[in-house]
Amino acid sequence: MLLTWALSMAPVARAAWQDSSAPPDTSPPVASRDVTLRYFNRDIVTFRSDFLGRSPELRARAGVDNIDRIITKQGDVPITFKDVSQGMLIMLGGEFVGIVTPDDLDKINNETMADVRTRVARNLGEAVHASYTANSPRRLTQGILWSLGATAIALVLLLALRWLGRRIDKGLQGWLERRLLAIRSESARQFALSTRTIASWIVRVAIWIVALLVLEEWLRFVLGQFPYTQPWSDAMRGWVVGKLKQWGEAIAGALPGLVTAAVILLVARAVTQAISITFRGVQSGRFKLLEIDSELAEPTRKLIVAVVWLFAVAMAYPYLPGAQTEAFKGLSVLVGLMVSLGASGIIGQAAASFTILYSRTMKVGDLIRSGTTEGVVLQIGLFTTRLRTITGVEVSIPNSVVLGSQLQNFSRNPEGPGMWLTTTVTIGYDAPWRQVQGMLVDAAKATALVLPDPAPFVLQTALSDFYVEYLLHVRITDNSMRLDILHELHSRIQDNFNTAGVQIMSPHYVGDPAEAKVVAPGHWNG
């Protein structure tokens, strides 16, 4: 055995003697690639430098050949080490396997020869024992039987999981259907239906996760039954344990931030509830807060609640898990850019809504005209204002359009509820103006829903080339009947003028006709 070791070390000694007699080499060393000596699917030692002109690849290949030769000849033999001037010799059964030089150590991690000796002794011992016992019929038979048993157990567990998942899903669906029968509200019923779908998917995902865990444990167990694949089993176990540890540490590290964010959001919720209770009292008329009355209570409440929630989200954002990562920051920038580009119109509509409300331009129930649309205000929303026209059609107008166009509010009058209704008639100069005014006032007094006090009155607003312009004013209380009252008023004006024989010939006046253009009372119905 000593002779064998001496023969194997002869090249080393000869090379060392040649190196001592040769002049020193001043050329820069050539960097070599790190190569790990692997035997029977196990890492033994890593070579990082050339030795006696042999690259790390050749040294690792020679080490594998030496191990194969020694095990074939001697079997499962002990591992020993011998320190020499060049480094540390690795011996297997007294024969040379390889040499570890100081240049092979991992300088970055402060690796020492003692660390290498401990790792090589453990890993090479396991590899030699596994290689020696891998082809044992007893070991192969035992591994196959254990693998078959594990496969049968895994199949049973997967079938049981499938049956259990169906039972849970069926029971959950039945429970939700019984709950649906007790729900009267259609919106609540639709929400419960969506909840049933979500619950079904949660059950399926949970079953799939458990099934994947069963498959992972089955594969790890089967790989561990055979010496060659046992390192893969250990690697899977280490990976699973590492991931679980990593997840546990991540969850534990995120808990303080989550608790802080939850406390901030809970405080914001309590504040918004207090604000809502206060402004509901203002809206109901129980009290008045500053200059905010019942009309401005609801929009003011929405505005303050939105500000509180935005402030709370801004405070809680840094405490959310992953908020400081580059991905989260990039996503935040992308969302902010999308909101800034796409929400300018929405923000403008919302700003117009609050401008309309706080300027008290109109309120719900007012009869207004915006542009060419006339109707009663049904709702002043965050983005649109809804009107009900006289013909019963519901119209939605963007708030920016309402704010940017001329707005006429027929319901606003300093004299109290109602409005002044006006109509214009143009009559020629040959008709006595006192008679015309009297007929107009008589027609107004005979019209239903026209208030007698204040009394109707007439103003002469223009003396044109061919006619006088008379403007009749009447007071009404029901603004929604404005067109009906105007229709009856016009009808009575025509009747009075026809009865008195006064012609309404303007504005297209050319000359007096040969006969008066009036309708006799006997022909009023055709």
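At which residue does α6 bend by about 35°? Select leucine 255: the bend of about 35° sits there, and proline 256 follows within four residues. A bend here is the angle between axes fitted to the seven residues ending at a residue and the seven starting there.

Before moving on, a few ground rules. This is a predicted model, in which local features need pLDDT of at least 70 and side-chain atom pairs count only at pLDDT 80 or more, while totals for chains, interfaces and linings use all residues. Residues are numbered from 1 along each chain as its sequence is written, and side-chain values use heavy atoms, with hydrogens and water left out. Helices (H or I, at least four residues) and strands (E, at least two) are DSSP runs numbered from the N terminus.

**Stop 1: the rest of α6**

Now select residues 230-284, the 55 residues of helix α6. The expected span of a helix is 1.5 Å times one less than its number of residues. Just after the helix, click on glycine 285, which takes a positive phi of about 90°.

**Stop 2: salt bridges**

Turn on side chains next. A salt bridge is a side-chain nitrogen of Lys or Arg within 4 Å of a carboxyl oxygen of Asp or Glu. By this rule the count comes to 14 salt bridges.

Pick lysine 73 and glutamate 95, whose side chains meet at 2.6 Å, N to O. This pair links distant parts of the chain, 22 residues apart: lysine 73 belongs to helix α2 (residues 56-74) and glutamate 95 to strand β5 (residues 95-100). Lysine 73 is exposed at 55%, whereas glutamate 95 is buried at 6%.

Go on to glutamate 374 and arginine 482, a salt bridge at 2.1 Å, N to O. Glutamate 374 lies in strand β7 (residues 373-380) and arginine 482 in helix α12 (residues 482-500), so the pair ties together parts that are 108 residues apart in sequence. Glutamate 374 is buried at 13%, and arginine 482 is buried at 9%. Then select Asp34, Arg48, Glu111 and Arg119, which salt bridges with shared partners join into one network. Within this group, arginine 119 and glutamate 111 meet at 2.5 Å, N to O.

**Stop 3: a hairpin**

Colour strands β8 (residues 384-389) and β9 (residues 394-398), which run antiparallel and are joined by five bridges. Strands pair if DSSP finds at least two bridges between them. Look for threonine 384 opposite proline 398 in β9. The two strands form a hairpin with four residues between them, and glycine 392 in the turn has a positive phi of about 90°.

**Stop 4: nonpolar cores**

A nonpolar core is a set of buried Ala, Val, Leu, Ile, Met, Phe, Trp, Tyr and Cys residues joined through side-chain atoms within 4.5 Å. Which residues have the most contacts inside the largest nonpolar core? Select Ile427, Leu440, Leu472, Ile493 and Phe497, out of its 26 residues. The elements giving two or more residues to this core are β11 (419-428), α11 (433-445), β13 (467-476) and α12. Of these, α11 gives the most, with six residues.

Centre the view on phenylalanine 497. Leaving aside neighbours within four places in sequence, phenylalanine 497 is in contact (heavy atoms within 4.5 Å) with Ile427, Val436, Met439, Leu440, Val502 and Ile504.

Key. Buried means under 20% relative accessible area, exposed over 50%, partly exposed in between (1.4 Å probe, protein chains only).
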